[in-house]
Amino acid sequence: MKKHDLLSASILAAGALALLSTPAHAQTTDAAAQEGAQDQENPTRPDDAAQLDTEAELESGEAATSAESIVVTGTRIRTPNLTSTAPVTSIGVEQFTETGQVSIGDVLNDLPALRSTFSTANSTRFIGTTGLNLLDLRGLGTARTLVLVNGRRHVGSTEGSPEVDTNTIPTDLLERVDVVTGGTTAVYGSDAIAGVVNFILKDDFDGLIARASSSVTDEGDGASYFASVTAGKNFGADDRGNIAISAEFARQNQVRIRDRAETRGGRRQFQVVDSDPATATSDADPDRIFLTDIRNGALSNGGTFQGICPALTANPSADLLRRRAINCGPGDQPNFFRFDFGGAVRPAATPIRDFRPLSGNQQGGDGATLREYGQLVPQIDRYIVNVFGRYEVAEAFEPFFELKYARVESFQESSPTFAQGGSTTAFGFAANSTGIPIRFDNAFLTPQAQTFIQSALPAG
């Protein structure tokens, strides 16, 4: 094909394309005109409707997304379990201040992991422990529960022991308490066999707070009072330093055992009333039953003298018969004689039931219950002052100091001490207890008591 033939073909092709494109352009123009006419009749244009449809789809999509999404709140709450290899129980300070109790340890003892070995109520178990509140994880002993303050060991509250009285820790500066019950011995040693209780205190307290509270039992006694003042101040560049002082006073009035009707009088307990179940053949009757007003026959508040019932011989003498009439009760059980508060000796009151020789207990009578002088809650006055200071010199260097003054005044009332034993004559005196003999020339032994005891003893 020649050159001019190629040029002609190109022109023809261009003309054909022009002819094909003209109707399409006209069609587009007509559609636009129609849309313009529709705009005059309907103010909502199709593109606006499409936009509304698009917005509706977006809104429905957002609604679907919000319905399926999970909203996390409280992200600032400290969760030690996220970083700890052992389970941690964390208690916030609100759980202490909202209870109305004046003892932190009493609140912690409500946790299942802690046993109330030395709570306020039973701190009178031993001499010198009144008013102490020591923690006992798992019941393994207070010496095996390590108490820390801000992750550091604290000065012990009992002589020669690392046990910490939790009542000396300032409540207003307390942020939380972390309790760990496993895997602690590898870090802290044998005194953390049961676990660790760590008291975390605020190190940036800024301001002044004063708090006071009081409470009373349902019976109208056992009133408790608490008052505290805490002040703190941040200082230095970017508040790198802080100093805080907290002073607390707490009083707990005592509640005696005899102040409660349910604990006044004899004990309520399961009592052996039949032959010893450990050795005897069962007779189909219960050997132990629940009884009230159980007392100890051989003990009394003023003192008890137990007679000796001599065996009856074939030809009893007058002296033997006389002593049996004094000393022997039903079933040849020795009679009890009580010292009254004036020092005279009188026969013990007849009990409802006597459970000897199964035990030394009786139901009824005037024997000791060992509860007449005990306490349900002791009398405690507590004065605590804590001073804390720190300054962050560098990220790895932050010197601090901690000062503490604690004074606890407590009053303990318990049952009298006692000793038991037989009565005999030896070296001119009557020994009614092992190791604590009562001589006949004792200044507190009245002539009536001396005469009665001598008449109950064998002649000679």
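**Figure 1. Surroundings of Leu 174 in the predicted model.** Leu 174 touches Val 93, Phe 96, Ile 104, Phe 199, Ile 200, Leu 201 and Lys 202, leaving aside residues up to four places away in sequence; contact means heavy atoms within 4.5 Å. The model is predicted, so local features need pLDDT of at least 70 and side-chain atom pairs count only at pLDDT 80 or more, while totals for chains, interfaces and linings use all residues. Residues are numbered from 1 along each chain as its sequence is written, and side-chain values use heavy atoms, with hydrogens and water left out.

**Figure 2. The largest nonpolar core.** This core has 24 residues, of which Phe 96, Leu 108, Leu 135, Leu 174, Val 177, Val 197 and Phe 199 touch the most other members. Helix H4 (104–108), E2, E4 and E5 each supply at least two residues of the core. A nonpolar core is a set of buried Ala, Val, Leu, Ile, Met, Phe, Trp, Tyr and Cys residues joined through side-chain atoms within 4.5 Å. Buried means under 20% relative accessible area, exposed over 50%, and partly exposed in between, with a 1.4 Å probe and protein chains only. Helices (H or I, at least four residues) and strands (E, at least two) are DSSP runs, numbered from the N terminus. A second, separate core of twelve residues includes Phe 337, Phe 339, Phe 452 and Ala 456.

Figure 3. Strand E5 spans residues 195–201, and seven of its seven residues are buried. In a regular strand the side chains alternate between the two faces of the sheet. Both faces of E5 are covered: Gly 195, Val 197, Phe 199 and Leu 201 are buried on one side, and Val 196, Asn 198 and Ile 200 on the other. Strand E2 (residues 145–149) runs parallel to E5 and is joined to E5 by five bridges; two strands pair if DSSP finds at least two bridges between them. Strand E4 (residues 174–180) runs antiparallel to E5, with six bridges. Val 197 of E5 is the bridge partner of Val 147 and also of Val 179.

**Figure 4. Packing of helices H6 and H7.** Helix H6 (residues 318–327) and helix H7 (residues 447–456) pack at an angle of about 120°, with their axes 9 Å apart. Axes are lines fitted to C-alpha atoms, for helices over the stretch in contact, and angles run from 0 to 180 degrees between N-to-C directions. H6 and H7 are therefore oblique to each other; angles under 35 degrees count as roughly parallel, over 145 as roughly antiparallel, 65 to 115 as roughly perpendicular and the rest as oblique. H6 contributes Arg 322, Arg 323, Ile 326 and Asn 327 to the contact, and H7 contributes Phe 452, Ser 455 and Ala 456. By class, the contact has three nonpolar, two polar and two charged residues. Here Ala, Val, Leu, Ile, Met, Phe, Trp, Tyr, Cys and Pro count as nonpolar, Asp, Glu, Lys and Arg as charged, and the others, Gly among them, as polar.

Figure 5. Arg 138 is found in the loop between H4 and E2. Phi of Arg 138 is near 60°, a positive value in a residue other than glycine, and Arg 138 counts as partly exposed at 48% relative accessibility. Asp 332 lies in the loop between H6 and strand E13 (336–339). Phi of Asp 332 is near 60°, again positive in a residue other than glycine, and Asp 332 is partly exposed with a relative accessible area of 44%. Gln 101 sits in the loop between helix H3 (94–97) and H4 and is partly exposed at 38% relative accessibility. Apart from residues up to four places away in sequence, Gln 101 touches Asp 106 and Val 107.

**Figure 6. Antiparallel strand pairs.** Four strands form an open antiparallel sheet in the order E10-E11-E16-E15. Strand E10 (267–272) and strand E15 (353–354) are the edge strands, each pairing on one side only. Three bridges join strand E11 (residues 288–296) to strand E16 (residues 361–363), and Gln 362 in E16 is the bridge partner of Arg 295. Elsewhere, twelve bridges join strand E8 (residues 241–252) to strand E18 (residues 379–391), which run antiparallel; Phe 249 stands opposite Tyr 383 in E18.
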